[in-house]
Amino acid sequence: MGDENKIIKREELEPPTGVDHPAFTYEETQEETVTNLKGVVGNEPAEGSNLSNSSEKQLQETPTESNCFQRLRQTFACPPHGSLDRVITNVTIFVLLWAVVWSITTSECLPGGNLFGIIILFYCAIIGGKLLGLIKLPSLPPLPPLLGMLLAGFLIRNIPVISDNIQIKQKWSSSLRSIALSIILVRAGLGLDSKALKKLKGVCVRLSMGPCLVEACTSALLSHFLMGLPWLWAFILGFVLGAVSPAVVVPSMLLLQGEGYGVEKGVPTLLMAAGSFDDILAITGFNTCLGMAFSTGSTVFNVFRGVLEVVIGVAIGSLLGFFIQYFPSSDQDKLVWKRAFLVLGLSVLAVFSSMYFGFPGSGGLCTLVMAFLAGLGWSSQKAEVAKIISVAWDIFQPLLFGLIGAEVSVTSLRPETVGLSVATLGIAVLIRVLTTFLMVCFAGFNIKEKIFISFAWLPKATVQAAIGSVALDTARSHGEKQLEEYGMDVLTVAFLAILITAPIGSLLIGLLGPRLLQKAEPQNKDEEAEGEISVRL
């Protein structure tokens, strides 16, 4: 045994000449394995086996130690690498952005200036979203980052020292929120899936229309009698509250779908498809009531004006949608970028021009119809355009939620207004849950799935942030104090709705999904067994 091991060791030290190295290594490994097995079976201590064991231990210890030293060297290397280099780069970009803007605008980019406030709010909202994303609970979906963005803006507004140095003009704030609204409307129009609507048919229509309309009417009744809002403003508030939030529902549904919960009956697909139609219905109702609330004349004239705004929005949206289906043509270079620029530019133009010409409800409908028709014409390339639009949303999302939070001042809130707002919101959400349960009663779902769909249809965030401040901005443009108070009440309820329902809805979906939905089983048990064997090997 000792002689064989010495021969093997000598052969390791002296590489053969004229022999192919891979074949030699393979044969040598086989001989070592046989020798070590002989030593183990015969209960004889083999020198080769001891050497191999000690070398294996050294190989196991050496990589871990070398990895630690490598990380330390990378962290404190000069020039730096890794996380330290990333932090320095990000800080440099931030300082450079501020310096470039300061060199152009001077005082506007200093503390108390408008651009200084926008930049600080933007970065604080991003940091707030990141910090909230770090809060991770086991077996639960992560909390929506938009909640951290909202709280960041709220804290900036209500901390005395910070609020004195960070000030944003109302016109800039309103314009940035309107641009964010345009991006949301484009995403909603492109996200409409006509095939899913045909497939799900009745249950999708019932789920998207029933809870939204019932909650809007319930909120209108409660806000009229409890908060003293006029009927048109009450329905404006109702349609603000009537929309569900895709920013909360879609990520949670994708998480459950990836784990196989509710896939067999299509529960995640149903909720994601119906969410877009629910939002469009709420935005349409809001725009119609908004146009009627700011029009002067008799009731019949106001109703006719609301219908006229809908017709104008649909007609212009249809023309623009068919136009960008064919322009630019499919043989042009950078086709996706040109289409994305056109649909974004036309949507922003539609929203701002509709306010300028006195038809505030037409701009949103025009954008929705245009994006939907354009998506139908683009077919396979619609997803690529939607990716570019999502990048624009990633930029304006922190601004939108940060600005919404910064609009709410603790000193201007009355305790009775907050109490009545929470009562209105709570009763309306309860009615919505019960209505959702009734809407899915005859759709082939069992009792557990019905309960889950009812609570999953609860969270509010994106649409409330987008349209919750539009009524206040429109009232400010008219310069009427009473209308501004109504708009502030609408914004307060929208703020509380995001703050309360977004985290509760996300947690309920994560808790109830694995307990109430059926998990899809593998279709072939043999394949499952083979998969387990391969994992073990």
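Colleague: Which helix holds Ser223, and is Ser223 buried or exposed?
Modeller: This is a predicted model. Ser223 sits in helix 10, residues 202-226. Contacts beyond four places in sequence include Leu237 and Thr424. Buried means under 20% relative accessible area, and Ser223 has 0%, so Ser223 is buried.

Colleague: Which helix supplies the largest share of the lining of the largest cavity?
Modeller: The largest cavity has a volume of about 90 Å³ and is lined by 14 residues. The lining divides into 10 nonpolar, 4 polar and no charged residues. Helices 8, 13, 15 and 16 each supply at least two residues. The largest share, 4 residues, is from helix 13.

Colleague: How many residues apart in sequence are the parts tied together by Glu215 and Arg432?
Modeller: Glu215 and Arg432 form a salt bridge, with the closest N and O atoms 2.6 Å apart. Glu215 belongs to helix 10 and Arg432 to helix 18, so the bridge ties together parts whose separation in sequence is 217 residues.

Colleague: In the salt bridge of Lys265 and Glu449, which residue counts as buried?
Modeller: The N to O distance of this pair is 3.2 Å. Lys265 has a relative accessible area of 38%, so Lys265 is partly exposed. At 1% relative accessibility, the buried residue is Glu449.

Colleague: Which residues are linked with Glu407 in a network of salt bridges?
Modeller: Glu407 pairs with Arg476, the closest N and O atoms being 3.3 Å apart. Arg476 lies in helix 21 and Glu407 in helix 17. The network links Glu407 with Arg177, Asp473 and Arg476.

How values were computed:
Residues numbered from 1 in each chain as written. Predicted model: local features only at pLDDT ≥ 70, side-chain atom pairs only at ≥ 80, totals over all residues. Heavy atoms only, no water. Buried < 20%, exposed > 50% of the residue type's maximum accessible area, 1.4 Å probe, protein only. Contact = heavy atoms within 4.5 Å. 1 Å grid on protein atoms, 1.4 Å probe; cavity = no way out; pocket = protein on both sides within 12 Å on 5 of 7 lines; lining within 4 Å. Points joined across faces, edges and corners; volume = space filled by probe spheres on them. Nonpolar A, V, L, I, M, F, W, Y, C, P; charged D, E, K, R; others polar. Salt bridge = Lys/Arg side-chain N within 4 Å of Asp/Glu carboxyl O.
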